[in-house]
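Hi everyone, thanks for making time for this. I'd like to walk you through one structure, so please have a look at it while I talk.

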Amino acid sequence: YLPRTTRAYQLAAGINRWLQQNLQRFDLVHIHSVFNHVPMATARYCRKRGLPYIVRPCGILSAYGMGRRRWAKAISLRWVEIPALRAAAAIHVTSTAERTDIEALVPGPLRFAEIPLGIEAGPTGVARRWLNRHPRLETATLRLLFLSR
């Protein structure tokens, strides 16, 4: 466990030493997120060692994700994230829309692996069958939906 040393950019100072001492034990690294010190430091060390890595941006490179802290993200994108994405063995996206957002933001050739989330839209009528099993909800005034990344 490496504690976060600053809130900004999720800096964890101990990660650099750990990466230097341990990356050679791995054949492939799967990095989750961008605009964060730990995953981007990991990408940098992988590049230095010629170790293949996959980056999963988790939707952060969408127009919505780029909307907050725009100026800081623009600087980091240019100098940190774009080099990491270009050198990645693959960028793991979960939809064509996510890929399109990244292609519009990051110039140059990129390698993508589109692997959707483990939930697929069901066939027409699934909602009707569910409501048939739970008839009270048919007339309910309140229905909740939990939607997460």
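**A walk through the sheet**

Let me begin in strand S2, where both faces are covered: Tyr53 and Val55 on one side, Ile54 and Arg56 on the other, are all buried. Before I go on, please keep in mind that this is a predicted model.

Now, who sits beside S2? On one hand there is strand S1, residues 29-32, which runs parallel to S2 and is joined to it by 4 bridges. If you want a pair to click on, take histidine 32, whose bridge partner in S2 is arginine 56. To get from S1 to S2 the chain uses H2, and S1, H2 and S2 together make a right-handed β-α-β unit.

S2, which covers residues 53-56, also pairs with S3, again in the parallel sense, over 2 bridges. Here you can look at isoleucine 54, which stands opposite alanine 90 in S3, and at valine 55, whose bridge partner in S3 is isoleucine 91.

So which way do the side chains of S3 point? Ala90 and His92 go one way, Ile91 and Val93 go the other way, and all of them are buried.

Let's carry on to strand S4, residues 112-114. S3 and S4 pair in the parallel sense over 3 bridges, and histidine 92 has alanine 113 as its bridge partner in S4. Between these two strands the chain passes through helix H5, residues 96-105, and this β-α-β crossover is right-handed.

Now zoom out for a moment. How many helices and strands does the protein chain have? There are 6 helices and 4 strands, and read along the sequence they follow the pattern α-β-α-β-α-α-β-α-β-α. The chain has 149 residues, of which 33% count as buried. Taking contacts between residues at least 6 apart in sequence, 52% join residues at least 24 apart. As for the surface, the chain exposes about 10600 Å², and carbon and sulfur atoms supply 58% of that.

Next, the loops. Please find phenylalanine 35, in the loop between S1 and H2. Phenylalanine 35 has a positive phi of about 55 degrees, although it is not a glycine. Its side chain is worth a look too: phenylalanine 35 counts as buried because its relative accessibility is 13%, and the cut-off for buried is under 20%.

Cysteine 58 also has a positive phi, near 60 degrees. You will find cysteine 58 in the loop between S2 and helix H3.

One more loop residue: proline 116, between S4 and helix H6. Buried or exposed? Proline 116 counts as exposed, at 55% relative accessibility, since the cut-off for exposed is over 50%. Proline 116 is 23 residues along the chain from valine 93, and their C-alpha atoms are separated by 7.4 Å.

Another pair to compare is arginine 44 and valine 80, which are 36 residues apart in sequence and 8.7 Å apart in space, C-alpha to C-alpha. Arginine 44 lies in helix H2, residues 37-49, and at 34% relative accessibility it counts as partly exposed.

Last stop, the rings. A search of the whole structure finds 1 aromatic pair. Tryptophan 18 and phenylalanine 26 form that pair, and it is tilted, with 6.4 Å from centre to centre and 35 degrees between the planes.

Lysine 48 has its charged end over the ring of tyrosine 45, 5.3 Å from the ring's centre. Arginine 78 lies over the face of tryptophan 79, at 4.8 Å from the ring centre.

That's my tour, and I'm happy to take questions.

Terms used: Residues are numbered from 1 along each chain as its sequence is written. This is a predicted model: local features need pLDDT of at least 70, side-chain atom pairs count only at pLDDT 80 or more; totals for chains, interfaces and linings use all residues. Side-chain values use heavy atoms; hydrogens and water are left out. Buried means under 20% relative accessible area, exposed over 50%, partly exposed in between (1.4 Å probe, protein chains only). Contact means heavy atoms within 4.5 Å. Accessible areas come from the Shrake-Rupley method with a 1.4 Å probe; for residues, only the protein chains shown count as cover. Rings of Phe, Tyr and Trp (its six-membered ring) pair if their centres lie within 6.5 Å; planes under 30 degrees apart count as stacked, over 60 as edge-to-face and the rest as tilted. A charge sits over a ring if NZ of Lys or CZ of Arg is within 6 Å of the ring centre and within 35 degrees of the ring normal. Two strands pair if DSSP finds at least two bridges between them. A crossover is right-handed if, with the strands pointing away from the viewer, the path from the first strand over the helix to the second runs clockwise.
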